[in-house]
Amino acid sequence: MNLIEQIDQWSRKTPGRNAHISDGQTLTYAELTQRSNALAESLSKQLPADHSPIAVQGHKEPEMLIAFLGIVKSGHPYIPLDSSLPSQRVETILETAKAAMLLTPDQVKELVKPSQADPSTHSIHHPAPEDAWYIIFTSGSTGEPKGVVITCGCLESFIHWISCEHDFAEGAETFLNQAPFSFDLSVMDLYASLVSGGTLFSLTKDMIADPKRLFQVLRHSEISCWVSTPSFAQFCLTEPAFKEQMIPQVKKFWFCGETLAPEVAGSLLERFPKAEVWNTYGPTEATVATTSIRITQEIIKRYSPLPVGKPKPDCEIHILENGADVKSGERGEIVIAGPNVSAGYIHRPDLTERAFYQVNHMRAYRTGDLGHYQDGYLFFDGRMDFQIKLHGYRIEIGDIENNLHALTSVRDAVVIPIMKNNKADYLAAFVVLKERMNKSDFEITRTLKRELGGRLPDYMIPRKFIFVEQFPMTHNGKADRRKLAEGLK
Amino acid sequence: MSVSEIVLNELEKVAGTDQVHKDLNLDLFGEKILDSFGTVELIVALSDSFGIEISPGQIDRELWATPQKIIAYFEERVKSA
């Protein structure tokens with residue numbers, strides 16, 4: 001069965017089961033299939049069959065799932081965009097991707113009105129392995145986001161691997177969806193749930209912003225498979241009642257997106273003694289995750305930092321230094337080769353050529369991540385450049401700096417991640433203004449945050465702004481980032 | 001140090017602005033001074049400072065929306081401790 005068939009089978013086997021629950025709204029498998037078919041039919045009539053991408057901007061509405069499947073069934077890949085994304089960023093993405101259209105949940109509702117007669121299934125497109133399934137935009141160092149093209153073959157390879165490794169109970173699991181759909185961590189919970197006939201339980205950003213409500217919601221969620229960033233689990237662990245009694249059904253914590261600290265894994269194993277904890281690693285360019293490991297107390301005792309595991313069986317991981325494999329145990333750049341490696345960045349052959357190539361007849365991606373092998377496990381040793389992970393979000397520091405430079409009052413800007421326990425805790429921006437005028441630091445900060453908020457998503461806006469006359473310089477004449485960061489400690 | 005001084009000093013550290021001392025009615029969430037991670041950081045710091053156990057699950061976002069409201073929350077907690 002192909003992926004579409006694997007998902008649609010649940011509308012026959014368990015038509016009334018909820019495919020999605022989000023803030024009181026539900027969507028059954030029967031509704032998901034019927035409405036996504038209706039959307040596919042409608043889109044096929046409106047658009048030429050040219051595989052051009054269709055963007056969909058929303059948050060955690062059930063229509064997002066209908067849109068994703070409907071768009072793919074119409075022969076187009078989808079671009080998931082979160083509602084929090086500022087319009088200027090959306091415009092840039094639509095132009096870069098040459099998107100055929102931008103859909104919203106309300107438009108999807110209109111296009112698939114429940115009163116409509118059963119849509120024809122003749123027009124359902126079943127993507128070929130090389131067809132793009134989705135395109136996720138990530139932060140780009142020049143200040144422009146880049147779109148990672150994930151094909152049907154990439155996604156099938158990923159889904160096959162996780163299904164074999166985790167053996168989800170068919171039609172019986174509830175998966176936590178914490179990440180926005182624009183972040184590829186959500187691919188892990190969304191498709192693991194849909195192919196196994198599970199229920200996707202979404203948390204909205206309003207719930208996460210209100211801890212009291214969040215824990216009330218979690219208490220009634222019946223989540224059996226927790227999928228989140230480690231930061232979010234760490235956040236939940238600050239609540240003493242966050243333990244087995246709160247969510248007794250949880251049997252698995254499954255992490256991706258950033259480094260999992262041994263303390264977080266250890267606390268989860270203590271508070272949820274019946275649950276497994278899994279760590280994974282992989283860039284968006286290699287379809288969510290490429291390595292995995294079950295973290296036990298024994299692994300925690302033996303390793304700090306924790307290993308990120310072993311590669312999925314159909315792919316290879318190489319550790320390279322100057323283009324050649326390093327000796328066993330040495331550190332180098334992590335290169336991933338296999339069927340899960342992206343087709344490249346949409347309409348950016350220059351960036352694609354720099355990062356992707358062929359290894360052993362497989363598509364390979366230079367991650368820019370440093371790593372080494374020890375005892376057969378891969379370890380992540382940080383970045384080779386200015387890319388960071390903040391609460392799981394992938395951010396190019398250059399992206400923020402370039403957008404700060406574009407503001408009229410800014411002469412120069414340097415953004416620094418402030419680290420705590422080896423993780424980025426928050427961002428600080430050091431800014432040289434063109435003109436100080438008669439405003440307080442707070443007023444200028446407020447203005448800059450607002451202006452930057454029109455160009456970048458919230459998670460990329462620095463928490464602290466420090467105004468300086470000039471930057472301390474290194475011997476090479478560059479802003480001395482180390483000295484700036486030290487000044488904040 | 002008074003309750004308000006302790007609250008405002010910790011809040012300044014997390015928020016990165018001394019405006020919290022100057023404007024006690026500052027809209028911490030509306031002005032994007034505190035996000036959910038910042039709030040939890042503040043809860044942990046103030047729990048330590050006052051030696052009072054506060055869990056995020058007890059906190060109504062509305063009760064922590066301004067410096068003044070946070071001070072009032074802790075004055076009440078300290079009084080009843």
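The stops below take chain B as a whole, then one of its residues, and finally a group of strands in chain A.

**Before selecting.** This is a predicted model, in which local features need pLDDT of at least 70 and side-chain atom pairs count only at pLDDT 80 or more, while totals for chains, interfaces and linings use all residues. Residues are numbered from 1 along each chain as its sequence is written, chains are lettered from A and ligands numbered from 1 in the order in which they are written, and side-chain values use heavy atoms, with hydrogens and water left out.

**Stop 1: chain B.** Chain B is as compact as a globular protein of its length, because its radius of gyration is 11 Å, close to the 12 Å that the globule rule gives for 81 residues. That radius is taken over C-alpha atoms, and the rule is 2.2 Å times the number of residues to the power 0.38. The C-alpha trace spans about 30 × 25 × 20 Å along its principal axes.

Next, colour chain B by accessibility. Of its 81 residues, 49% are buried, meaning under 20% relative accessible area with a 1.4 Å probe, protein chains only.

**Stop 2: B:Gln19.** Select B:Gln19, which lies in helix α2(B), residues 19-22. Is this side chain's residue, B:Gln19, buried or exposed? B:Gln19 is buried, with a relative accessible area of 14%. Leaving aside residues up to four places away in sequence, B:Gln19 touches A:Phe442 and B:Leu26; contact means heavy atoms within 4.5 Å.

**Stop 3: strands of chain A.** Move to chain A and select residues 18-22 and 25-28. These are strands β1(A) and β2(A), which pair in the antiparallel sense over four bridges; pairing requires that DSSP finds at least two bridges between two strands. Across this pair, A:Ile21 stands opposite A:Thr26. The hairpin has two residues between its strands, and A:Asp23 there takes a positive phi near 50°.

A:Ser22 has A:Ser202 in β9(A) as its bridge partner. In a regular strand the side chains alternate between the two faces of the sheet.

Conventions. Buried means under 20% relative accessible area, exposed over 50%, partly exposed in between (1.4 Å probe, protein chains only).
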